Amino acid sequence: MAQVQITIEDLAGAAEGKTIKLVHLVGQLDESNVDEEAKKIYQLIESVPQGLNLIFNLEGLEYMNSKSIGYMTDWYSKVSGSGGKIVIAAARENILDILQVVGLTQLVTAYATLEEAKLAVNQ
Amino acid sequence: MEEEKIQNTEKPLEITVTIPTQAYFLSGIRDFILNFTKNVTGFSDQWAFRFQAVVDELCNNAIEHGSAAGQTIEIVVAYTPSKYLEVFVKDNGSGTSKMTAKQMTDLFKERVHMTSGEYLGFRGRGLPKIVGEWTDEVVFEDKEGGGLVVRAKKYLRKEDEEVSSLVNDPTHLILK
């Protein structure tokens with residue numbers, strides 16, 4: 001079974017009035033674990049009904065399947081629909097490749113580094 | 001040494017794996033496909049990752065729709081040196097949401113011609129966007145005795161090796 005760890009933390013130094021969460025994904029998201037793991041993100045989204053900003057740090061993500069991308073699209077819809085923003089940071093080439101081929105990078109901005117993503121979201 | 005022998009032969013190399021219909025086993029299949037493509041074929045690392053995703057999506061579909069719980073699916077990977085890499089994913093038609101080859105072909109054609117902007121739904125990206133765009137041929141065939149075989153083929157071409165991950169139109173799709 002594929003293993004994945006999802007950890008969520010507040011962004012230190014977030015501008016006043018901004019809710020910015022860092023979501024670190026490490027391992028592989030696939031059919032065997034994505035339904036269960038996705039619940040953590042839905043809980044996070046529900047806990048901040050308005051203006052949530054999410055930075056997905058994908059530096060440690062080795063694999064994601066199309067269903068994982070489907071979830072990410074759904075999170076994007078929910079968050080952007082309530083005045084928030086989702087960005088991706090530090091994705092490996094194979095992850096960026098798959099996000100591009102399904103068109104997700106047309107919706108969600110992908111930054112090369114976590115620092116760039118933090119700066120962009122915290123403006 | 002063994003790897004070198006495999007690379008030098010002109011004979012097609014075929015490996016068959018049968019797994020239970022449990023997603024638990026897919027990470028092992030992905031590891032195998034990635035290593036096989038990287039180490040045995042002439043494809044680049046980028047295409048090895050792409051082919052890994054293609055096989056994973058086909059297996060997901062076969063497990064979800066084609067073969068029932070407690071049954072199996074079969075994965076055949078075939079490499080013809082200097083020519084192409086193929087995968088055949090076979091279910092046994094016992095799944096509750098199984099489809100015929102014609103139904104799958106029609107669905108695939110319909111989705112492949114949708115633009116990215118229409119893919120805002122939760123599901124439905126794997127077959128048209130990953131399998132469709134990262135292979136050259138996708139063919140659905142009904143199996144004698146029930147079930148479906150999906151064959152996806154990728155030709156080894158120099159121009160594909162020069163494709164950057166940032167290019168939006170990575171391959172050509174030929175649907176037969």
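Colleague: How are H3(A) and H3(B) oriented to each other?

Modeller: H3(A) and H3(B) are oblique to each other. In this predicted model, helix H3 of chain A, residues 93–101, packs against helix H3 of chain B, residues 45–66, with the axes 10 Å apart. Angles of 65 to 115 degrees would count as roughly perpendicular and those under 35 as roughly parallel. The angle here is about 55°, so the term is oblique.

Colleague: Which element gives the most to the side of chain A that touches chain B?

Modeller: Across the two chains, 24 residues of chain A are in contact with 25 residues of chain B. On the chain A side, helix H2 (66–81) and H3 each supply at least two residues. The element giving the most, with 7 residues, is H3(A).

Colleague: And what is the radius of gyration of chain A?

Modeller: Chain A has 4 helices and 5 strands, running β-β-α-β-α-β-α-β-α from the N terminus. The globule rule gives 14 Å for 123 residues, and chain A comes close to that, so it is as compact as a globular protein of that length. Its radius of gyration is 13 Å.

How values were computed. Residues numbered from 1 in each chain as written. Chains lettered and ligands numbered in written order. Predicted model: local features only at pLDDT ≥ 70, side-chain atom pairs only at ≥ 80, totals over all residues. Axes fitted to C-alpha atoms, helices over the stretch in contact; angles between N-to-C directions. Parallel < 35°, antiparallel > 145°, perpendicular 65-115°, else oblique. Contact = placed C-beta atoms within 7 Å. Rg over C-alpha atoms; globule rule 2.2 N^0.38 Å.
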